[in-house]
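Thanks for sending this one over.

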Amino acid sequence: MKFVADIMVGKLAKYLRMAGYDVKYINNITDEELTRIAKNEKRILLTRDSLLLMKKEFKNEHIKAILIKGDNLIEQLEQVKSELGIRLKPNLVRCLKCNQILTSVDKKEVKDRVPPYVYATQQNFLYCKNCSQYYWRGTHYDNIKDIFQKIREKHN
Ligand SMILES: [Zn+2]
């Protein structure tokens, strides 16, 4: 299941990436480009723009889209989860900034590239070859886990 998100749901896009989903998110994208990407790449469009979904391309149902209703992240994640039945579990496989699949790197390689505390306490590191970003399961990861956990509890 792949997505393309409009500019108004950037945070939602990031959290779906945190669950491992492929979410395209481009700044300053036009409605036409969004529509084209959704159609050509068979991505589900996530948007808050009800006018965009009134266009004929969406009405003929060749493009799948979800009109995101809530303002806050939890509501938005709950809506996507309940409409599509997707799993929301932290899954650090994608770059949160650019959507690239991460590759694991040897701990030795990151010695001078991450804070000393992180180096001392973490064993597994991942790297985005597209934007040269390093990732590991830190406190940030625990926060994400809590958010996803809250949503699961509400629905189970
Ligand atoms: Zn990246």
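Which residues of H1 are buried?

1. Buried here means 20 or more other C-beta atoms, placed from the backbone, within 10 Å of a residue's own. In H1, that holds for Leu12, Ala13, Tyr15, Leu16, Arg17 and Met18. This is a predicted model: local features need pLDDT of at least 70, side-chain atom pairs count only at pLDDT 80 or more, and totals for chains, interfaces and linings use all residues. Residues are numbered from 1 along each chain as its sequence is written.

2. Do look at Leu16: beyond its neighbours within four places in sequence, it is in contact (C-beta atoms, placed from the backbone, within 7 Å) with Phe3, Tyr21 and Val23.

3. On the H5 side, Lys11, Leu12 and Tyr15 of H1 meet Leu73, Gln76 and Leu77 of H5. The residues of this contact are four nonpolar, one polar and one charged.

4. As for geometry, H1 and H5 pack at about 60°, with axes 10 Å apart; the axes are lines fitted to C-alpha atoms over the stretch in contact, and angles run from 0 to 180 degrees between N-to-C directions. The two helices are therefore oblique to each other.

Terms used: Two residues are in contact if their C-beta atoms, placed from the backbone, lie within 7 Å. Helices (H or I, at least four residues) and strands (E, at least two) are DSSP runs, numbered from the N terminus. Angles under 35 degrees count as roughly parallel, over 145 as roughly antiparallel, 65 to 115 as roughly perpendicular and the rest as oblique. Ala, Val, Leu, Ile, Met, Phe, Trp, Tyr, Cys and Pro count as nonpolar, Asp, Glu, Lys and Arg as charged, and the others, Gly among them, as polar. A residue is buried if 20 or more other C-beta atoms lie within 10 Å of its own, exposed if 12 or fewer, and partly exposed in between; C-beta atoms are placed from the backbone.
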